[in-house]
Amino acid sequence: MDYVSALLPPVVMAIFFTALVVTIVKSQGGPNKGKEDAAVDSALARAEAAQQKPAAS
């Protein structure tokens, strides 16, 4: 019975991790992909502008 209690946490974590990866993969794309891409692009542009602004002054 000790082997069951020793194996249970890793098995539960593996199942949870697999479910997490499947959820992430399934949520990629779809109708909101363009909106998500635009949000990331604007955030990156703001970050790059903030980094370049002090160097120019």
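Predicted model: local features only at pLDDT ≥ 70, side-chain atom pairs only at ≥ 80, totals over all residues.
## Overall form

The secondary structure of the protein chain amounts to two helices and zero strands. The C-alpha trace spans about 70 × 30 × 5 Å along its principal axes. The radius of gyration of the protein chain is 21 Å, whereas a compact globule of 57 residues would have one near 10 Å.

Buried residues make up 0% of the 57 residues. The accessible area of the protein chain is about 5,200 Å². Carbon and sulfur atoms supply 70% of that area.

## Helix H1

Helix H1 covers residues 2-27. Its 26 residues reach 39 Å from the first C-alpha to the last. That is close to the 38 Å expected at 1.5 Å a residue.

H1 also carries a kink. The bend is about 30° and lies at Leu 8.

## The loop between H1 and H2

Helix H2 takes in residues 33-56. Gly 29 sits in the loop between H1 and H2, and Gly 30 is found in that loop too. Gly 29 follows H1 and has a positive phi, near 80°.

Gly 29 has a relative accessible area of 23%. Buried means under 20% and exposed means over 50%, so Gly 29 counts as partly exposed. Gly 30 reaches 55% relative accessibility and therefore counts as exposed.

Gly 29 and Val 40 are eleven residues apart in sequence, and their C-alpha atoms are 14 Å apart in space. Gly 30 and Asp 41 are also eleven residues apart along the chain, with 18 Å between their C-alpha atoms.

## A nonpolar surface patch

Six residues form a nonpolar patch on the surface: Met 1, Tyr 3, Val 4, Leu 7, Val 11 and Ile 15. Together they have about 680 Å² of accessible area. An α-helix has 3.6 residues a turn, so residues three or four places apart point the same way.

Tyr 3 is one of the patch residues and lies in H1. Its relative accessible area is 60%. Tyr 3 is classed as exposed because that value is over 50%.

Conventions. Residues numbered from 1 in each chain as written. Heavy atoms only, no water. Patch = residues over 30% accessible without salt bridge, like charges linked within 9 Å, V, L, I, M, F, W, Y side chains within 5 Å. Areas by Shrake-Rupley, 256 points an atom, 1.4 Å probe, with all protein chains shown as cover. Salt bridge = Lys/Arg side-chain N within 4 Å of Asp/Glu carboxyl O. Helix = DSSP H or I, 4+ residues; strand = E, 2+ residues; numbered from the N terminus. Buried < 20%, exposed > 50% of the residue type's maximum accessible area, 1.4 Å probe, protein only. Expected span 1.5 Å × (residues − 1). Bend = angle between axes of the 7 residues up to and from the residue. Rg over C-alpha atoms; globule rule 2.2 N^0.38 Å.
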